[in-house]
Amino acid sequence: MLSSLDTSFDRRCALPALTPRTSPPGLRMRPAAWLVLLAGTLGGAAWAGPSDALHPYASLAYNYEDNLFRLADANPGYDNTRSDTSRQAQAGLLFNQTYGRQVVSLQAKVSRVSFDHFTQLNYNGKDMLADLNWHLGARLEGNAGLSYMQVLAPYTDITTRERNLRVQKREYVNGAWGFHPSWRLRLGATHNRYTYDLLSQAYNNRSDRGLEAGVDYLASSGSSIGVQANKYSYKYDQLRQLGSGLVDAGTDQDDVKLKVDWRSTGVSSVQFLGGWSRRTHAFFTERDSSGFNALLKASTVWDGKVNFDASVWRQYGGVESNLVSYSLNTGGAVNAVWTVTPKIQASAQLKRDRRAFKGLLAASAPVDLSDATNTATLGATYVLLPSVRLNASVFREARSGLAAALFGNGNYHAKGASFNVNLQY
């Protein structure tokens, strides 16, 4: 799926890239040449062992989707084409080193994504992160960092065949003070900046700011319970066109929630973050809403081989659309990873997410606007060598609901598959 082309890391924050419209000659390599290059790095980077701070890595991926732009089932597609195949090649460096009690983590990655038919989507990516896990004395610790990411934004809620690159910049700082062996105070702040290179999507350019404060009781078992308060502000660069006028789509959100982390056994845990949330609008204040918002997650390990986790949620979420400003999302997901042998893993995931749209046009709609998306994914991983992994996956996605026509996509089905080779030293 398009989200599989995201060049982000699995990390606390994210970031972008320079994206020329044409491929530099050095990147116009055939798949066989990429495989030779990746295999050649195995010996060239052997100097980075497991205990080294610096780890180079590289990967090559092939992706196929039968409905790349998430078009309605009856839509024949652009140029009577709905499907496409893409290739993604990337290389990067990971650095992690402890200096005294301070831990410095750095990540950098460059990538190239090329499509066979819709070549106007081709792009180069850069992804970077710098994080400091800081400690002061025996009771103060936290994280501070910044990140930068550029990816191809999803086409779920827009109808266009043009390339829509999204840049996210993030700065964050947080800290925890263990003022008592059983009590901890937490404070944090984040700032996210989003910009889009597609002019028709410039209305989504925005800045998100968040503040958090909380206090936790720490049990000797490793479990904790506490309360936290959050304040978020979502401000857009441009006023949005609504009918014959311009409106401010900015919103604010205030949360007061209970936070629980229950370590029920050595391999099982339950996390809960839920309570009261209030969303307010700069315009269409009659659509201000409040109520219960929560996220519940549980995880365990069966027989030492199957990692299982499940989650359910009822939360506000942003929507990249000129018609609505946010949604109330409810849903659930289950995920399982089975270690078949020391070299083979299998995975499966099921997810359902229902969005009830609010704000902007939704404020004057005669009916409640909502949609629901169901996604199923199967995957397998084979450890060819200690530093070489092969991954394959397939997915199926379907969306339906009254709001589907609102975005122009309509109800749709999509299927796809991917295969990639990962090298890390």
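This is a predicted model: local features need pLDDT of at least 70, side-chain atom pairs count only at pLDDT 80 or more; totals for chains, interfaces and linings use all residues.
Strand β20 (residues 412-424) is joined to β1 by nine bridges in an antiparallel arrangement, with Y64 having A417 as its bridge partner in β20. Strand β20 also pairs with β19 (residues 388-400), again in the antiparallel sense, over 12 bridges. Here K415 of β20 is the bridge partner of R396.

The salt bridges number 18. In one of them, the side chains of D66 and K415 meet with an N to O distance of 3.0 Å. Because D66 lies in the loop between β1 and β2 whereas K415 belongs to strand β20, this contact ties together parts that are 349 residues apart in sequence. K415 is partly exposed, at 46% relative accessibility.

A further salt bridge connects D216 with R186, whose closest N and O atoms are 2.6 Å apart. This pair links strand β8 (residues 206-218), which holds D216, to strand β7 (residues 183-196), which holds R186, the two residues being 30 apart. D216 is buried, with a relative accessible area of 1%, and R186 is buried at 9%.

R355 and D371 likewise form a salt bridge (2.8 Å, N to O). R355 lies in strand β17 (residues 344-358) and D371 in strand β18 (residues 370-385), 16 residues apart; both are buried. The two residues belong to a network of salt bridges that also includes D157 and R399.

Most residues other than glycine have a negative phi. In the loop between β1 (54-65) and β2 (84-99), however, R70 has a positive phi near 55 degrees. R70 is buried, with a relative accessible area of 4%. D79 is found in the loop between β1 and β2, and its phi is positive, near 55 degrees.

Conventions: Residues are numbered from 1 along each chain as its sequence is written. Side-chain values use heavy atoms; hydrogens and water are left out. Helices (H or I, at least four residues) and strands (E, at least two) are DSSP runs, numbered from the N terminus. Buried means under 20% relative accessible area, exposed over 50%, partly exposed in between (1.4 Å probe, protein chains only). Two strands pair if DSSP finds at least two bridges between them. A salt bridge is a side-chain nitrogen of Lys or Arg within 4 Å of a carboxyl oxygen of Asp or Glu.
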